[in-house]
Each structure stands twice: as C-alpha cells, then as structure tokens.
Amino acid sequence: MSKKLKVVTDLDSYTEDEFYKATSKINKSIALNIGSFTGLPSDSTVLGPLVEVFNKVRTELIYEGKGADIAKARTAVQVVITQDGNWLNDFCDGDASLIAKSGYPVQKDSVHQTKLDATILTLSTEKAAGSLGFMVSFIDGYGIKYGIMYTLAGNLETDPSKWTFYYAAQRTGIISGLISKTDYKFASFAMGTVNDLTYSEPVTMSAQ
C-alpha cells in the first residue's frame with residue numbers, strides 16, 4: 001500500500017540558492033491558487049516579503065555578521081513554510097492535484113542510505129564575544145541533518161565523536177558560548193539513516 005502524498009516542510013538541506021528558488025515558487029503558486037486553500041495560516045502577502053528579505057541579505061557583499069543575518073532571515077521564511085506546509089498536508093489529505101497547486105516539493109519514498117560522504121566545514125568570526133559563524137556543505141539526499149563536534153584545540157583526543165556535540169538546525173548559523181580568544185577545533189558531519197558517521201577535516205579557530 002502506497003503512502004499518502006505529502007509536501008516537504010523542511011528545506012534545511014537546500015543550498016541558499018535552492019532555498020530561494022523553492023520558496024519563491026511556493027510563494028507564487030500560493031498567490032495564484034489561494035482560492036483553493038481557504039484558511040491557510042499565512043498567504044503570499046506574509047511569505048513574499050520574507051523571501052525577498054532573505055534574498056537581499058544573502059546577495060549582499062560580505063560583511064561581518066552576514067552569516068548570522070542570513071540564518072535569521074532564512075529561519076523566518078522556514079517558520080512560515082513549515083506552518084503552511086503542515087496545514088497543507090492536513091488540508092490536501094494526499095490529493096495530488098491540490099498539492100501540485102501549492103508549489104511545495106513533494107516527499108519521496110524513503111530509500112536505504114549508505115554511509116554519507118564527508119562534509120566541508122567553513123567558520124567565520126562574528127561580532128558577539130564567544131561566538132563563531134559556520135557553514136556546512138550540502139550532502140545530497142532526503143531527510144539529512146547536520147551536526148558539529150567541537151573541543152578545545154589543546155585537547156589530545158583526536159576522535160571527534162568524543163567532543164562536544166552541537167546540532168546544526170540549519171547548515172549555516174552561529175555557535176555561541178565559546179571562550180573568547182581561545183582556540184577550538186571543530187568537525188562537521190551529516191546524519192541520515194546510517195549510524196556510521198563521516199567527519200569533516202578538523203578546522204581550528206578562536207572566537208572574538
């Protein structure tokens with residue numbers, strides 16, 4: 001028996017460009033077909049401006065704190081996408097024609113994953129003391145989450161699995177609560193259905 005068709009509400013695995021294109025498509029489709037979705041929590045008049053703010057921030061020239069601003073703008077869009085997407089899944093009840101009108105990507109049947117490839121971790125300085133910006137490279141696949149392990153650079157333990165765990169709710173963001181002017185080493189990884197993790201090459205940096 002096939003599973004009921006549903007929209008994808010979590011776009012965390014999308015690159016910035018993919019996220020902008022996907023949310024723009026959703027916004028335009030909702031605006032065009034709003035008559036089919038009476039009671040939708042947030043229509044295109046709410047989503048559209050948030051999407052454009054995200055695009056404006058991500059295309060700005062590089063400046064200190066840009067990573068945090070991108071993450072904040074992206075989160076604001078994702079909140080609406082998640083809220084509306086959950087409503088759509090209940091409202092559409094698997095109706096393929098209605099789901100197509102929403103512009104949302106559609107969930108694919110889950111497939112067995114092999115061990116995921118290593119990610120690449122990029123760090124950046126932030127204005128706030130004791131914080132560092134991060135970006136984890138994209139790993140292709142559905143339902144993939146990301147994490148970062150970190151420890152003081154002087155720690156002789158070389159196994160990242162024994163360091164402190166940080167869950168990356170998005171592939172870009174800020175790790176706070178670090179000791180200022182102190183070197184740390186970090187390693188990122190992708191999480192799927194396989195427990196055998198592949199860590200990135202360690203990156204060492206100190207917070208402001």
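Me: What stands opposite Leu 123 in strand 2?
Reply: In this predicted model, Leu 123 stands opposite Phe 134 of strand 2.

Me: What makes strand 1 and strand 2 a pair?
Reply: Two strands pair if there are at least two bridges between them. Strand 1 (residues 121–125) and strand 2 (residues 132–136) are joined by five bridges, so by the cut-off of at least two they count as paired. They run antiparallel. The hairpin of strand 1 and strand 2 has six residues between the strands, and in it Gly 130 takes a positive phi near 70°.

Me: How do you know that strand 2 also pairs with strand 5?
Reply: The same test of at least two bridges applies. Strand 2 and strand 5 are connected by four bridges in the antiparallel sense, so the pair meets the cut-off of at least two. Gly 133, for instance, has Ile 174 in strand 5 as its bridge partner.

Me: Why are strand 1 and strand 5 called edges of their sheet?
Reply: The sheet is open, has three strands in the order 1-2-5 and pairs antiparallel. Strand 1 and strand 5 (172–175) each have a single partner strand, so one side of each is left without a neighbour in the sheet. Neighbouring strands here are turned by 30° against each other on average, direction ignored.

Me: Where do the strands come in the sequence, before or after the helices?
Reply: The protein chain has four helices and seven strands. The C-alpha trace spans about 60 × 40 × 20 Å along its principal axes.

Me: Why is helix 2 called roughly antiparallel to helix 3?
Reply: The axes of helix 2 (residues 44–58) and helix 3 (residues 66–92) cross at roughly 160° and come within 9 Å. That makes helix 2 roughly antiparallel to helix 3, since angles over 145 degrees count as roughly antiparallel. The crossing of helix 2 with helix 3 is left-handed.

Me: Which residues of helix 2 and helix 3 meet?
Reply: On helix 2 they include Val 46, Leu 50 and Phe 54, and on helix 3 they include Ile 70, Ala 73 and Val 77. By class, the contact of helix 2 with helix 3 has 13 nonpolar, no polar and four charged residues. Among the residues that meet are Arg 58 in helix 2 and Lys 66, Asp 69 and Arg 74 in helix 3; these are of the charged kind, because Asp, Glu, Lys and Arg count as charged.

Me: Why are helix 1 and helix 2 described as roughly antiparallel?
Reply: Helix 1 (residues 16–32) packs on helix 2 at an angle of about 160°, with the axes 10 Å apart. The two helices are therefore roughly antiparallel to each other, as the cut-off for that term is over 145 degrees. Helix 1 passes helix 2 in a left-handed crossing. Their contact involves, among them, Phe 19, Tyr 20 and Asn 27 of helix 1 and Leu 47, Gly 48 and Asn 55 of helix 2. It divides into eight nonpolar, six polar and four charged residues.

Me: At what angle do helix 1 and helix 3 cross, and what is the handedness?
Reply: Their axes come within 12 Å and cross at roughly 35°. The crossing is left-handed. Residues that meet there include Thr 23 and Ile 26 in helix 1 and Gln 78 and Ile 81 in helix 3. This contact has five nonpolar, two polar and two charged residues.

Me: What span is expected for helix 3, and what does the model give?
Reply: Helix 3 has 27 residues, for which 39 Å is expected at 1.5 Å a residue. From first C-alpha to last, helix 3 reaches 38 Å, close to that value. Asp 93 follows helix 3 and has a positive phi near 50°.

Key
Residues numbered from 1 in each chain as written. Predicted model: local features only at pLDDT ≥ 70, side-chain atom pairs only at ≥ 80, totals over all residues. Heavy atoms only, no water. Axes fitted to C-alpha atoms, helices over the stretch in contact; angles between N-to-C directions. Parallel < 35°, antiparallel > 145°, perpendicular 65-115°, else oblique. Left-handed = near helix turned anticlockwise from the far one by under 90°. Contact = heavy atoms within 4.5 Å. Expected span 1.5 Å × (residues − 1).
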